[in-house]
Amino acid sequence: RGTVRSFHIDPFEVTNAEYREYLKALEQGERDAVLPDSNAFQNTASRADWETYFYGSTYDDYPVVPVTWSQARDYCKWDDKRLPTEAEWEYASRSGGIGGIYPWAGFNPQTRSGRYLAHYDPGRAGQDPDGHAFTAPGGSYPPSTWGLHDTSVNVAEWVADTYTSTNAQNSDLNPYWQEANEPRHVVRGGSWSSNAFRIGVGFRDYEAATNASLQIGFRCAVDPGRFPKRRPAAAQP
């Protein structure tokens, strides 16, 4: 158990259109350094094309991938926000609830009638339940009780913490783990390629901070009293 202070968190994962807006605000040299890694698209069986996915208007509302941890951090900083801590991410994903597996009620990613509640891989030869074999537009499924979309699905998300195998050494008040010599950062939530187990809000993973993955995006958070330059974060845990 832990306690987190009040914070705001974005209801959606950062999209291609939003990230392109960020790039336009930078100088050319800075822009080249923070471009998503186009090489990652060469290592996937998906027919997704880097330029079409990132620059095509059809994919404006799709989550931006693949970006490194520092790229995600720098985007949030540019937007006068920050990455959420791991504790904040889970608290918001659970909508303040205790227990449970998913952001929605119940223990199944499907309704009784068989309707899927999330964008993940249910084992149908790589085809996600909504017909997308890769990412899906943000908000394709109903939001959580607190109005957050896709916290445990679509793409996994970078958070602020460096990785540690146990939270026992963390403070119970505003838990946040940072270790200068640790190259791995925590990744929370599942993605379009995850099975039903890995999209649970209690599932945690890690990735080297320098790696950019087609399965990982991010969303931003902000402390109360701070006003982002472009728009407020809507969900208010």
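In the predicted model, E157 stands opposite R188 of strand β3. Strands and helices are DSSP runs numbered from the N terminus (strands E, at least two residues; helices H or I, at least four). The model is predicted, with local features requiring pLDDT of at least 70 and side-chain atom pairs pLDDT 80 or more, whereas totals for chains, interfaces and linings use all residues. Residues are numbered from 1 along each chain as its sequence is written, and side-chain values use heavy atoms, leaving out hydrogens and water.

The sheet that contains β3 is open and consists of four strands in the order β4-β3-β2-β5, with mixed pairing; two strands are taken to pair if DSSP finds at least two bridges between them. β4 (204-208) and β5 (216-217) stand at the edges, each with a single partner strand, so one side of each lacks a neighbour in the sheet. β3 and β4 run antiparallel and are joined by five bridges, among them the one that partners V186 with Y206 in β4. β2 and β3 are likewise paired in the antiparallel sense, over three bridges. By contrast, β2 and β5 run parallel and are joined by two bridges, with A156 partnered by I216 in β5. Seven of the seven residues of β2 are buried, where buried denotes under 20% relative accessible area, exposed over 50%, and partly exposed the range in between (1.4 Å probe, protein chains only).

The protein as a whole has five helices and six strands, which run β-α-α-α-α-α-β-β-β-β-β from the N terminus on. Of its 237 residues, 49% are buried. Among contacts (heavy atoms within 4.5 Å) with a separation of 6 or more, 73% involve residues 24 or more positions apart.

The largest nonpolar core comprises 33 residues, and Y19, Y22, Y75 and F218 have the most contacts inside it. Such a core is a set of buried Ala, Val, Leu, Ile, Met, Phe, Trp, Tyr and Cys residues joined through side-chain atoms within 4.5 Å. Two or more residues are contributed by each of α1 (16-24), α3 (50-55), α4 (69-78) and β2 (156-162), with α4 giving the most, five residues. Beyond residues up to four places away in sequence, Y22 touches V34, D74, Y75 and W78. A second, separate core of nine residues includes Y102, W104, Y120 and I199.

The structure holds 14 salt bridges, defined by a side-chain nitrogen of Lys or Arg within 4 Å of a carboxyl oxygen of Asp or Glu. R188 and E86 form one of these, at 2.9 Å from N to O. Because R188 lies in strand β3 and E86 in helix α5 (residues 86-93), the pair ties together parts that are 102 residues apart in sequence. Both R188 and E86 are buried, and they belong to a network of salt bridges that also links E90, R94 and R204. A further salt bridge joins the side chains of R20 and D60 (2.5 Å, N to O). R20 is in helix α1 and D60 in the loop between α3 and α4, 40 residues apart. R20 counts as buried at 17% relative accessibility, whereas D60 is partly exposed at 21%.

E182 is found in the loop between β2 and β3 (184-188) and is buried, with a relative accessible area of 15%. Apart from neighbours within four places in sequence, E182 is in contact with T162 and Y163.
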